[in-house]
Amino acid sequence: MVQGYLIDMDGVIYRGNELIPGAAAFVGRLREQNVPFLFLTNNSQRTRRDMVTKLQRLGIDVEERHLFTSAMATARFLAQQRPGGTAYVLGEGGLLQALHANGFAIVDSAPDYVVVGEGRTFTLEMLDHATKLVLAGAKLIATNLDPNCPTQDGTLRPGCGAMVALLETATGRQAFSVGKPSAIMLRAARKELGLRTEEITMIGDMMTTDVLGGVQAGYRTVLVLSGGTRRSDLERYSYGPDLVVDSIANLDPFEAWPPRNSPT
């Protein structure tokens, strides 16, 4: 049976600017054997080209076709909902590029959507304007609901979910999120690989995004302990991964899995 992988990045492939031991070898084996895979990230800030450059500098040989971001998933979803629509955006290059590529115009007044992604340049004035637009009828969309994001020095900063929570509180409207663990992003990534549900394995370091999304989509799931989850944390969740490993270095990409009868 064909097998493909959806692989989270931060905490699985690298931590900050450091490559996790064994990650390059794992990806190299996938490429040598032409195994389908995508790096799946909730980070909407960077473009695919930016991410490829970072991975290549860390020693991971990939191309843009190997990246699938929450910005891409969000832009495609909105283009299906309202072709040629408009958006006021709280976000950066990766999100803006994805929206433009899918036929959206970026506007400051009367948008169809207020779209929130990661960013380091948010101002209170921008949040105030976004609040007014949502109250005037714009739909509130989040690329993801991650409350924080890791920085280059290993610390955390407020993530997309934190900004969205502020807008939800201010407007009384609930945002619709497209990123992990949303089935929209997980399903779109599977279709990008051209595989069926039972042929996909999701590898990640977070229970609430990677594993939860994989479980809900019907994929096999692998939790690596090289990122944000410890083995003792598993007791807190009513769902669990199919496999837990210390890091991607301990995972055999060609390990035989027992058959599963999952719907496509």
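Reply: When two helices cross, the crossing is called left-handed if the near helix is turned anticlockwise from the far one by less than a right angle, and right-handed if it is turned clockwise. The model considered here is a predicted one. In it, helix H5 passes helix H6 in a right-handed crossing.

Two packed helices are described by the angle between their axes and the distance between the axes. Helix H5 comprises residues 124-135 and helix H6 residues 160-171; they pack at an angle of about 50°, and their axes are 10 Å apart. Angles under 35 degrees count as roughly parallel and those from 65 to 115 as roughly perpendicular. H5 and H6 are therefore described as oblique to each other.

Side chains of opposite charge can pair when their charged atoms come close. Over the whole structure, 16 salt bridges are found. One of them joins Glu 63 to Arg 31, with 2.8 Å between the closest N and O atoms. Glu 63 lies in the loop between helix H2 (48-58) and strand E5 (67-69), while Arg 31 belongs to helix H1 (residues 23-32), so this pair ties together parts that are 32 residues apart in sequence. Glu 63 is partly exposed, at 35% relative accessibility, and Arg 31 is also partly exposed, at 24%.

In another salt bridge, Asp 233 pairs with Arg 230, the closest N and O atoms lying 3.6 Å apart. Asp 233 is buried, with a relative accessible area of 9%, whereas Arg 230 is exposed, at 60%. To return to Arg 31 and Glu 63, salt bridges with shared partners join these two residues with Asp 61 and Arg 65 into one network.

Helix H1 also takes part in an aromatic contact. The search finds 5 aromatic pairs in the whole structure. In one of these, the ring centres of Tyr 5 and Phe 26 are 5.9 Å apart and the ring planes stand at 80°, so the pair is edge-to-face. Because Tyr 5 lies in strand E1 (residues 4-7) and Phe 26 in helix H1, the contact ties together parts that are 21 residues apart in sequence. Tyr 5 is buried, with a relative accessible area of 1%, and Phe 26 is buried as well, at 3% relative accessibility. A second pair is formed by Tyr 237 and Tyr 239, whose ring centres are 5.5 Å apart and whose planes are at 55°, so this pair is tilted. A ring can also meet a charge: the charged end of Lys 54 sits over the ring of Tyr 14, 4.2 Å from its centre.

The backbone remains to be described. Most residues other than glycine have a negative phi, and most peptide bonds are trans. Asn 34, in the loop between H1 and strand E4 (37-41), has a positive phi of about 55° although it is not a glycine. Asn 34 counts as exposed, at 67% relative accessibility. Ala 110, in the loop between strand E7 (105-106) and strand E8 (113-116), likewise has a positive phi, of about 45°, and is exposed at 69% relative accessibility. The peptide bond from Lys 180 to Pro 181 is cis, with omega near 10°; Pro 181 is in the loop between strand E12 (176-177) and helix H7 (183-193).

Methods: Residues numbered from 1 in each chain as written. Predicted model: local features only at pLDDT ≥ 70, side-chain atom pairs only at ≥ 80, totals over all residues. Heavy atoms only, no water. Salt bridge = Lys/Arg side-chain N within 4 Å of Asp/Glu carboxyl O. Helix = DSSP H or I, 4+ residues; strand = E, 2+ residues; numbered from the N terminus. Buried < 20%, exposed > 50% of the residue type's maximum accessible area, 1.4 Å probe, protein only. Phe/Tyr/Trp six-rings, centres within 6.5 Å; stacked < 30°, edge-to-face > 60°. Lys NZ or Arg CZ within 6 Å of the ring centre and 35° of its normal. Axes fitted to C-alpha atoms, helices over the stretch in contact; angles between N-to-C directions. Parallel < 35°, antiparallel > 145°, perpendicular 65-115°, else oblique.
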